[in-house]
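The entries follow in the order in which I looked them up.

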Amino acid sequence: MKRNRLIAGAVCAAVAGALTLTACSDDGAGGDDGAKEITFMFRGGPDEKAAYEAAIKKYTADTGVKVKMIVTDADQYATKLQAAVAGNNVPDVFYIEQATLQSYVSSGVLMDITEQVDASGVDLDNIWPYGVDSYRFDGTLQGTPGGKLYGLPKDVGPFSFGYNKTMLEAAGIPLPDKDVPLTWDDFVAISKQLTVDTDGDGAVDQWGTGLNVQWNLQSMVWSNDGDWTNADRTEVTVDSPEFAEALQKFADLTNVDKVTPSASDAATLDTYQRWMAGEIGFFPVGPWDVSVYNDLEFDYDLIPWPSLGGGESATWIGSLGIGVSATTKHPEDAVKLVTYLSTDADAQQTLVDANIQIPNLIDMAETWAAEEGAEPANRQEFLDIVQDYGRAMPAAFTYGAEWYDELWTNIQPVLDGKQTAAEYLAEEQPKMQTLLDESNATAEQAAAGS
């Protein structure tokens, strides 16, 4: 993962900008007082940084080990971590994405922490199984119990569905049931009622919804009994009638139902900004959104995702992990930091209080969801997703995501109504299959060589 000391120092500066070279020092020495120091690289905004500063302050007080934080913006993290890897200057502890775990294991970047976690006495049964298993890998399959542990969850991210309660009440529309998903027809009908010209100038300025195909199509496909691949992730299945119907219905929201901002409207102000301005009725909500959404000038709450197939709701669960560098000079302290951030009740409370995630600890999460006066009121929906109906993203446990990303590359004509979903998916399936075959072959080669 790195080269000589001079290059390592240069990469360290590139990774962290203002970060001092001490943070990426080769010998792991601390400050002037000689205390040990380890580095922790993560991504996030001001709320997340402040929460980690508070949590790590307690870790240092308890252990005497200093932690140098390396913080990046979300869209820069992967590039800067790769630079650290290429420069043989990996932080002691760092965020890992599900889709990069297998490559980091096979290339010797990540440390197997199974024995250390077992010896720590951490009760993994009280951590969301999806979160723990996401960072297990047995050399062939990722995400299943029994594999070696290469990280612990920083969080689990249930991707829920929200609605503007103030808007629906003003329109005289009964509020959706918090436990029963809307049928697709009901969702579209309500969205049409909400799509109006509120100021009388002849132009629509309020819409029923405003979804993003790359992050919201999953719910529609899965609730319609479609999927991206077969169960063992060897065959791409996007050309099925169920998948085609879901993608077509997604495009129809704009072109037929006309309940979303047009492309020109979205170019002026995207749907995320319009939701926050109170102009959209239904919009996705992740735990990471709550700190911002709780300060909006309208009331919102969570409901299950609408069901295209008319039955069960479906959505995805994201996750970030925290792993340890295989080359750290302080493995014991690094693993202690990982277990502390992921499983310590005080550390978890600090992160949860910042409204950036749900608790990793199941018992804490159940108490949190039931709190009186909670915002959003139906926090339980987040837990229902993790416990009952959430799924991993299609490329979460494959060796890379290139095959999955291919679907979005040329999808715009479908969204614009210039090509049918079925036609497009018939073209894309062979391309995606080729890339998935290459991904699986690479995974097999990596496993054979490790």
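**Entry 1. Largest pocket.** I began with the largest pocket and found about 1700 Å³ of space in it. I worked on a predicted model, in which local features need pLDDT of at least 70 and side-chain atom pairs count only at pLDDT 80 or more, while totals for chains, interfaces and linings use all residues. Residues are numbered from 1 along each chain as its sequence is written, and side-chain values use heavy atoms, with hydrogens and water left out.

I note the terms here. On a 1 Å grid over the protein atoms alone, a cavity is a set of points where a 1.4 Å probe fits but cannot get out, and a pocket is an open set with protein on both sides within 12 Å along at least five of seven lines; a lining residue has an atom within 4 Å of a point. Grid points are joined across faces, edges and corners, and a volume is the space filled by probe spheres set on the points.

I counted 48 residues in the lining of the largest pocket, with Arg43, Glu97, Trp215, Trp288 and Trp316 nearest its centre. Strand β11 (residues 315-324) gives the largest share of this lining, four residues; helices (H or I, at least four residues) and strands (E, at least two) are DSSP runs numbered from the N terminus. By class I recorded 22 nonpolar, 16 polar and 10 charged residues in the lining of the largest pocket. In this scheme Ala, Val, Leu, Ile, Met, Phe, Trp, Tyr, Cys and Pro are nonpolar, Asp, Glu, Lys and Arg are charged, and the others, Gly among them, are polar.

**Entry 2. Second largest pocket.** I then read a volume of about 490 Å³ for the second largest pocket. Its lining holds 20 residues, and Leu211, Thr254, Pro261, Ala266 and Leu415 are the closest to its centre. Two or more lining residues come from each of α9 (213-223), α10 (241-255), α11 (263-268) and α19 (412-415), and α10 has the largest share, with five. I recorded 10 nonpolar, nine polar and one charged residues in the lining of the second largest pocket.

**Entry 3. Cavities.** How many cavities of 30 Å³ or more does the structure hold? I found two. The largest cavity has about 40 Å³ of space, and Pro287, Val290, Val352, Asn355, Ile356, Gln357, Ile358, Trp368 and Phe382 line it. That lining is made up of seven nonpolar, two polar and no charged residues.

For the second largest cavity I noted about 30 Å³. Its lining consists of Phe161, Trp184, Phe187, Leu211, Met220, Trp305 and Pro306, with seven nonpolar, no polar and no charged residues.

**Entry 4. α18 and α20.** I found helix α18 (residues 402-409) packed against helix α20 (residues 421-449) at about 155°, with the axes 8 Å apart. Axes are lines fitted to C-alpha atoms, for helices over the stretch in contact, and angles run from 0 to 180 degrees between N-to-C directions. The two helices are therefore roughly antiparallel; angles under 35 degrees count as roughly parallel, over 145 as roughly antiparallel, 65 to 115 as roughly perpendicular and the rest as oblique. The contact (heavy atoms within 4.5 Å) includes Trp403, Tyr404 and Trp408 of α18 and Tyr424, Met432 and Leu435 of α20. I recorded nine nonpolar, one polar and four charged residues in this contact.

**Entry 5. Partners of α2.** The axes of α2 (residues 46-63) and α15 (residues 345-353) come within 8 Å and cross at roughly 165°, which means that α2 is roughly antiparallel to α15. Ala51, Tyr52, Ala54, Ala55 and Lys58 of α2 meet Asp346, Ala347, Thr350 and Leu351 of α15.

I next looked at α2 with α14 (residues 331-343), whose axes come within 11 Å and cross at roughly 125°; these two helices are therefore oblique to each other. Tyr52, Ala55 and Lys58 are among the α2 residues in this contact, and Leu337 and Tyr340 are among those of α14. I recorded seven nonpolar, no polar and three charged residues there.

**Entry 6. Backbone.** I noted a cis peptide bond between Glu375 and Pro376, with omega about -10°. Pro376 lies in the loop between α16 (362-369) and α17 (380-389). Asp225, a residue other than glycine, has a positive phi near 65°, and I placed Asp225 in the loop between α9 and α10.
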